[in-house]
Amino acid sequence: MKLRDLLKYECSVTGDDQKDITGITYDSRCIEKGFIFAAIRGEKADGHDFIEGAVARGAVAIICENGHPKVPGLIERYQAVSWVEVDDCRDALAAFSSAFYRNPSGEVGVIGITGTNGKTTTSYLVKSILEKWDKGVGLIGTIRYMIKDRSFDAPHTTPEASDFQRLLREMADEKCDYVVTEVSSHAISQKRTGHTQFRVAVFTNLTRDHLDFHGTMEEYYNSKAGLFLESLSEDGTAVINVDDPYGRKLSEAMKGRRPAVKQITFSLNDRGADVSASDIKATFRSTSFNIKIKGRVSGIEISSPMVGQTSVYNILAAVCAVLPLNVPDEVIRSGVAAVDLVKGRFERVDLGQPFLAVVDYAHTDDALERLLLTARQLLNSSRQGKIITVFGCGGNRDRGKRPKMGSAASGASDFVIVTSDNPRHEDPTAIIRDIETGIGKDNYIVIQDRRTAIRMAVLLSSPGDVVVVAGKGHEDYQEIGGVRHPFSDRKVLEEAICESTVVNARGRSKKRYAGVAQCLK
């Protein structure tokens, strides 16, 4: 492809626009001969500092910022290179990448899912429904990237623009009919999904998170809203949870700024919503309910192996996402029923023990509160047991949510073990102290070592209890001092359950921990 074929963007070009372009990237380490390099500014580094390295590796064109102090000297020094000066390198990277990969979102139906919580589970539900409809589906998300049956590790929830467009092109070439993608707030702010045509955009909810990046809740909301107000196709559909106050705000904004775009609202509480749920029945192992759709006499009877109110919201979001595609009701029922487990999302660990053990990714106060509400509802339905929660907070992230998570855990649990999560470059003890400032009840202990904390929770459990290990979910590492060490909450929980079974068989179960166990009575 010639450089001139990519110049459908407001820019100033110095040099030859007839050069053959063989690739595009923002990472100078990935440059090959014939590539174009986008010098984007990152959170920790400025891409303009790596231009010379990119040229040395074979870059033939550079996308750079108008007015950047380094650019004039570089243009003078490397006159054989073509220079494309733009006002916004991130937006230009998205535009050039879409053009280089031949506008792949024009060939597949892209369904974007955003929100603080529920993105991953909702994406897996949508994927399952579409596959039951015999469609080819690609998935871009927190846990994995998937092209039909092929699966890849996911370094980011939403990859950078050039990687995102490359994935879309691969999916289009593999004859995917639809691509389901999680869209993070970082990705929207950093234009990673820019110049993509979204057929459906889903808003799950918005609660405090990532304020270390966005600064305020208003900026966090504005980032999420950008998917709907800027990227959603004019003939697309916005799916919005109007039980969430920010969802109601977004719905009103859409009516004012994009009145031609179709909306489907969903709710458990608002009778005026387009889609709602009734007759909800939840057990330790399944959830069933009826989906009511405005304008239709008959609803859709849902039965899912997922549990709890949060699962109902995720299922409603997924069903609303496929309604504008005219997916048959029976396919919807079958697709929902087929999703038994999403890794790290209310993931049950069942080795035959007499209590429920759950691993979940909840790492905000709202997500933790919803998780524990689900556990409480299950306990109430069975009329037995207590909730024992193990959790911590990540380092080098929003400190303001730490006491809120402490309050949520203590208030909704019978007993809490506060531990370390991913401290990253922070002191784990300092993080735990921040958590403790929000705990108002004397129903917790601190065990900084996460493995020991999980073992303790299992040893303290009794038949009918629920042991919840929250915060890391699907992650298979613990980051300490900037180094990632292998660590899986699920594997550690399985080991603890097996160990506890042996201990109980020898008659030494809880005697060593009688003082702590007294708190659970």
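Tutor: Two strands are said to pair when DSSP finds at least two bridges between them. Please keep in mind that this is a predicted model.

Student: How many residues lie between E14 and E15 in their hairpin?

Tutor: The general idea comes before the case. Strands of a sheet pair through backbone hydrogen bonds, in either a parallel or an antiparallel sense. Here, E14 (residues 275-282) and E15 (residues 287-293) run antiparallel and are joined by 6 bridges. The hairpin that they form has 4 residues between the two strands. Within this pairing, alanine 277 has isoleucine 291 of E15 as its bridge partner.

Student: In which sense does strand E13 pair with strand E14?

Tutor: Strand E13 (residues 262-267) pairs with E14 in the parallel sense, over 2 bridges. Phenylalanine 266 stands opposite valine 275 of E14.

Student: In what order do the strands of the open sheet of 5 strands lie?

Tutor: The order is E1-E5-E4-E3-E2, with mixed pairing. Strand E1 (12-14) and strand E2 (23-25) each have a single partner strand and stand at the edges, so one side of each lacks a neighbour in the sheet. Ignoring direction, neighbouring strands of this sheet are turned by 20° against each other on average.

Student: Over how many bridges do strands E3 and E4 pair?

Tutor: Strand E3 (residues 35-38) and strand E4 (residues 61-65) pair over 3 bridges, in the parallel sense. Alanine 38 has isoleucine 63 in E4 as its bridge partner.

Student: Is arginine 90 buried or exposed?

Tutor: The cut-off for a buried residue is under 20% relative accessible area. Arginine 90, found in helix H3 (residues 89-100), has a relative accessible area of 14% and is therefore buried. The side chain of arginine 90 is joined to that of glutamate 160 by a polar contact of 3.1 Å.

Student: Which residues lie nearest the centre of the second largest pocket?

Tutor: Rolling a probe the size of a water molecule over the atoms shows where empty space is left. In this model, the second largest pocket holds about 300 Å³ of space. Its lining comprises 16 residues, and those nearest its centre are Ile188, Lys191, Gly226, Glu230 and Ser231. Helix H6 (185-189) and helix H8 (217-231) are the elements that give two or more residues to this lining.

Student: Which element supplies the largest share of that lining, and what is its make-up by class?

Tutor: H8 supplies the largest share, 7 residues. By class, the lining contains 4 nonpolar, 8 polar and 4 charged residues.

How values were computed
Residues numbered from 1 in each chain as written. Predicted model: local features only at pLDDT ≥ 70, side-chain atom pairs only at ≥ 80, totals over all residues. Heavy atoms only, no water. 1 Å grid on protein atoms, 1.4 Å probe; cavity = no way out; pocket = protein on both sides within 12 Å on 5 of 7 lines; lining within 4 Å. Points joined across faces, edges and corners; volume = space filled by probe spheres on them. Nonpolar A, V, L, I, M, F, W, Y, C, P; charged D, E, K, R; others polar. Axes fitted to C-alpha atoms, helices over the stretch in contact; angles between N-to-C directions. Buried < 20%, exposed > 50% of the residue type's maximum accessible area, 1.4 Å probe, protein only. Polar contact = N/O pair within 3.5 Å; in protein donor to acceptor, adjacent residues only side chain to side chain.
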